[in-house]
Amino acid sequence: MPGPIPPITTAEFFQYFQRCIPPTGWSHRIAVANSGGPDSTALLFLLNALLQERAALKFPPEQYKPGSPRATPGVPKEVVSIHVNHSLQDAASIMESVAIQSAERLGIRHSTEKIPWGEPPYPTRKDVDEKVAREARYHRLFRATQEFRTNVIAFGHHADDQVETAIMRMSQGSSSRGLAAMRPVRRWGMGKREQGFFSFGAEGMRSWIVRPFLPVSKDRILATCEANKLDYVNDPTNFQPGLTFRNGVRNILSTKAQDSLVYLTSKGQAKIKIEPYIEQLRAMVPHVHPKEQLRDAVRLYGMRLEEVDARATNILLRARMPSPPSTLLLKSRELAEATDDDVRIGLIRRSLRFVSHGPWGSVWSEASGDRDTLRRIAEVLWPSKPRPPYSELPIDPKTGLPEDPRRTFSAGAGVVGYPVVIKLRDGSIRFRSPEKGEVEGWIFARTPPYSKARASTEAYAIADVTDELLAAHAAGENEYRTLYDHRFELVFDLARKLPHVIRDELERRHTRIVIHPDTRWVLPKVMLEDKGTKERCIGKYLWHLPGWKDTRRRPMKFQSWIDMRFVRSLEAV
């Protein structure tokens, strides 16, 4: 007979929590997405207990780092609770009440967010499905974390959720990367460009989601609630197998149903048999106890992804050379160290996501994860057939050098790959075959905009920010922030007095402040435009690299109130 299921201790939880440290470190405050269910209730309890225990320990003052939100040693200093009420089911008010009470009993600050369906940008209730509800919930959670002045939120997803996610992705033909399911820590990301309430801008690049319970089974979470007499409520929709695909998978895994057909939609138009995927996972770990097989198999996928990410990171560190903002310059010799297909695909996806003008974290910014596209790029970067030596290639009449057999290619995700040679002396590039002291490389850059025609559309990389900037100024805001082309954050300092020329022009209402693409690298350039007849540049992106064209060290006149930053990340998470 198996013994009693042990609850999670604070010491054990601390080990799980430390695996979730964001690359930027813990902020002073951390939020918990508190649904009122057992997972988030146990998470809130253990996190609060851990923080109280650690508060009794004293750290030298020099370990604290300034900044907002502050990075702190060991763990955050405060936990707060956030509940989102969808108001889509009868139990919503009960779940809200339980979430509030669990926070109050622990003396934790709490916020309840209600989704105002039917008010822009939210759709009406009749148009809400599982995906829309989830995205709206994330939007309210993100908003609440900002109001609490924290950039980290913890979710209560656990090991059994990982298994469900892996099986769902297997049924959709996902690669081993997708079968690793959820990461213990990841960047919130920018969201989606086409969904107004699921767009998080540059702030999403500075925010983190952590999941400390991923190594823990559901039964241990329930045992923790029971051992500590924690009140919670089960979401009744989680137990309706016909409502969502995940619910159907969960029902089969929990009940060992004979019929392993799962409906892909709540209306049941399509269905899929998941038993083969369950057996495939079990076959990976035949010597593990059947009760733990699925969790262990998914854990192996997670370990494999960590290994792939680490190897890709090491290669990028060696291969990368300084290049213009928003571009990625890589040496071919170091790229050749990637011999594993998974590492190659990981390198490609991270490179595309870094350079793309699609929202960071969106599937589109990684070529939609399309296998054929990713394999095509891999064949270009790591040719399967040996290339003839330069001595056997025809001479280019323009350069007098052998022709470079490599060709520019469209990589998808709004990214172009250019074959270049890199001058080792100063790191500059040339678009030809190499000479002495030069090595082959590739530079990835944003696809050139379609046209320089005047239009406030992403296709042209032109953005008119006049109305929003003036509204922020009229509201007494100290600054106005905008995300240009999903790559650059522009901050206009409204606390200082506007340059009189700009103020006078704006007050006449004939002038617009418009951001245009600049140089072949599509950098931001701020223009003062008078009904399209007169233009004045008041800001350019400042950067300098020896040997490179189009670099700019000196700011434009009147640029002192404008700050520009490249915000995308090359990190794995």
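R520 lies over the face of W521, 5.1 Å from the ring centre. R187 sits likewise over the face of W360, at 5.5 Å from the ring centre. Such a placement requires NZ of Lys or CZ of Arg within 6 Å of the ring centre and within 35 degrees of the ring normal. The model is predicted: local features need pLDDT of at least 70, side-chain atom pairs count only at pLDDT 80 or more, and totals for chains, interfaces and linings use all residues. Residues are numbered from 1 along each chain as its sequence is written, and side-chain values use heavy atoms, without hydrogens and water.

The structure holds 21 aromatic pairs. Rings of Phe, Tyr and Trp (its six-membered ring) pair if their centres lie within 6.5 Å; planes under 30 degrees apart count as stacked, over 60 as edge-to-face and the rest as tilted. F409 and F444 pair edge-to-face, at 6.3 Å centre to centre and 80° between the planes. F409 belongs to strand β13 and F444 to strand β16, 35 residues apart; strands are DSSP runs (E, at least two residues) and helices likewise (H or I, at least four), numbered from the N terminus. F409 is buried at 8% relative accessible area, and F444 is buried at 4%. Buried means under 20%, exposed over 50%, partly exposed in between (1.4 Å probe, protein chains only).

Y418 and F431 are also edge-to-face, with centres 6.2 Å apart and planes at 85°. Y418 is buried at 13%, whereas F431 is partly exposed at 44%.
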